[in-house]
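The sequence and coordinates are shown first.

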Amino acid sequence: KCAARLMEDKKQPPHVVIFPLPLQGHVNSMLQLAELLALSGLKVTFLNSPHNHNHLPQFADVPARFTKFPGFEFRTVPDGLADDHPRTGRFLLEMLDGMIVKTKPSLRDLLVDINPSVDCIIGDGILGYLLDIGEELEIPVIQFRTISACCLWVYYRIPDLIGAGEIPVGGNEDMDRLIKMVEGMENFLRGRDLPSFCRAKNLEVEGTRVQTFAQETRRSATAHALILNTFEDLEGPILSHIRTKFPKIYTIGPLHAHLRTKLSEKNLVSSDSLNGIREVDRSCISWLDQQAMHSVVYVSFGSIAGLTREQLLEVWYGLVKSKVRFLWVVRPDSVLGHWGDEDVPVELMEGTEERGYLVDWAPQEEVLDHWAVGGFLTHSGWNSTLESVVAGVPMICWPQFADQHVNSRYVSEVWKIGLDMKDFCDRHVVEKLVNDLMEEKREEFVGSARTMAKLAKESVSFGGSSYCNLDSLIEDIKLMSL
Ligand code: UDP
């Protein structure tokens with residue numbers, strides 16, 4: 001109330017600049033946060049890379065979509081990469097390096113010149129240099145992490161694990177050995193569940209990444225506050241450990257569901273919001289409309305993971321052999337190496353024509369909400385995991401890299417809302433797990449998935465933990481502008 005009264009005197013809403021790493025998973029969730037803040041009356045400037053802003057169709061009609069947010073503005077800051085750079089997760093370190101050389105000075109200049117002056121920076125927690133800029137310009141920085149709290153906690157513990165010789169894992173070692181040094185996970189976190197770059201075979205190429213993630217995570221504790229896209233009923237036990245190191249944490253997720261709540265409070269519909277940085281193929285919804293209740297397994301490995309030709313074929317054979325209907329997102333840039341229609345064996349073509357549907361990019365939230373979808377074969381990216389949790393759809397997890405290995409362990413062992421296929425993906429395993437999830441063992445997961453979905457929705461409803469935490473965050477930002 002005090003902040004509201006003082007703001008009335010000041011007459012101008014606080015100005016927040018939001019800056020994500022320019023990759024889909026980061027842009028999506030930070031854009032949802034941006035919309036939530038704009039809906040509550042703050043002035044928000046969202047910083048995009050010119051590549052995302054100019055080359056992707058969703059941003060072309062920004063003014064029309066955003067007329068409902070008068071205080072919302074997009075600005076661009078170079079990402080430091082050549083125009084034809086592939087910009088996928090494999091080049092993350094290259095991206096981060098490019099950003100320090102080119103983005104950091106441009107961003108600093110923008111923050112100095114921008115009008116009205118900036119009251120608060122909400123920066124992607126993976127871009128630690130934002131803390132330096134904030135310190136120099138005396139602008140408070142709140143960090144936003146796009147990963148799960150459980151993975152954040154593992155990242156935080158990495159220096160201790162290195163010190164104790166627990167990392168690297170792999171080689172001839174038993175990957176099922178329990179890792180005892182991460183509080184709250186002593187009884188179920190195995191070597192194979194650590195983030196992918198802790199593996200010996202990855203360390204040679206990704207060694208510096210371990211250091212980067214560990215350092216940035218520890219530095220986050222010096223930010224004004226930390227925002228996490230999660231909710232208390234999902235990750236409460238781990239959050240209580242994290243809170244011993246991070247003084248102020250706002251858990252305000254699942255953000256996509258939170259945004260839906262706030263849009264409907266203002267009689268706006270979800271499709272009014274800006275979503276995604278790729279063009280969606282909506283024909284799959286018509287295909288789903290023709291399928292039986294809970295009969296389809298939805299398959300997607302996110303926006304940046306790449307599959308080898310062999311992996312693609314194993315998944316494909318497994319799906320076709322399972323006899324379950326499937327909707328599969330195969331991004332054109334997701335197959336590593338040459339791949340064309342001529343490479344697809346006839347039996348796979350026939351099986352797919354009979355029971356499957358392939359798209360380049362799906363409206364994922366809508367797909368997961370569709371009554372025909374009964375399971376999700378996912379790479380366990382955090383956004384996908386949360387979207388599945390909210391939709392109450394049980395998962396088969398096939399983690400690829402980074403936080404996904406931790407997430408999939410939580411899905412199977414802690415929340416009991418799915419199966420973990422980590423490290424064991426061949427056609428027989430895919431066939432068996434799809435059948436287990438969709439039929440044989442379905443009852444084991446459906447109850448807990450529904451319960452978690454209910455808790456997720458309650459957290460973003462009036463009076464729920466994330467709903468109240470967002471109010472506190474906004475209050476905190478308002479106080480900064482006084
Ligand atoms: N997504 C989508 N359509 C697709 C595949 C993915 O809209 O066909 C969205 C999905 O809803 C999620 C994001 O892309 O919001 C992927 O983020 P996630 O954190 O799961 O994985 P990442 O892409 O970062 O590996």
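## Strands E11 and E12 and their sheet

Strand E11 (residues 373-378) and strand E12 (residues 395-397) are paired in parallel through 3 bridges; within this pairing, Leu-377 has Ile-396 of E12 as its bridge partner. Two strands count as paired if DSSP finds at least two bridges between them. Helices (H or I, at least four residues) and strands (E, at least two) are DSSP runs numbered from the N terminus.

The model is predicted: local features require a pLDDT of at least 70 and side-chain atom pairs count only at pLDDT 80 or more, whereas totals for chains, interfaces and linings use all residues. Residues are numbered from 1 along each chain as its sequence is written.

## The seven-stranded sheet

Another open sheet has 7 strands in the order E3-E2-E1-E4-E5-E6-E7, again with parallel pairing. Strands E3 (72-76) and E7 (249-251) stand at the edges with a single partner strand each, so one side of each has no neighbour in the sheet. The twist here averages 20 degrees from one strand to the next.

A residue is buried if 20 or more other C-beta atoms lie within 10 Å of its own, exposed if 12 or fewer, and partly exposed in between, with C-beta atoms placed from the backbone. E6 pairs in parallel with E5 (residues 141-145) over 4 bridges and with E7 over 3 bridges. Leu-226 stands opposite Gln-143 in the former pairing and opposite Ile-249 in the latter.

## Ligand shell

The ligand is surrounded by 19 residues, the closest being Gly-25, Gly-302, Gln-364, Gly-381 and Ser-384; a residue is near a molecule if its C-beta atom, placed from the backbone, lies within 6 Å of it. Helices H2 (24-39), H15 (364-369) and H16 (382-391) are the elements that give two or more residues to this shell. H16 gives the most, with 4 residues.

## Backbone features

Two peptide bonds are described here as cis. The bond from Ile-167 to Pro-168 has omega near 5 degrees, and Pro-168 lies in the loop between H8 (149-163) and H9 (200-220). The cis bond from Gly-253 to Pro-254 has omega near -5 degrees; Pro-254 is in the loop between E7 and H11 (255-265).

Although not a glycine, Ala-402 has a positive phi of about 50 degrees. Ala-402 lies in the loop between E12 and H17 (404-414) and is buried, with 25 other C-beta atoms within 10 Å.

## Confidence

The protein chain averages a pLDDT of 89, and 91% of the residues score at least 70; pLDDT is the predictor's confidence in each residue, from 0 to 100. For the complex, the predictor gives an ipTM of 1.00 and a pTM of 0.94.

Technical notes. Axes are lines fitted to C-alpha atoms, for helices over the stretch in contact, and angles run from 0 to 180 degrees between N-to-C directions.
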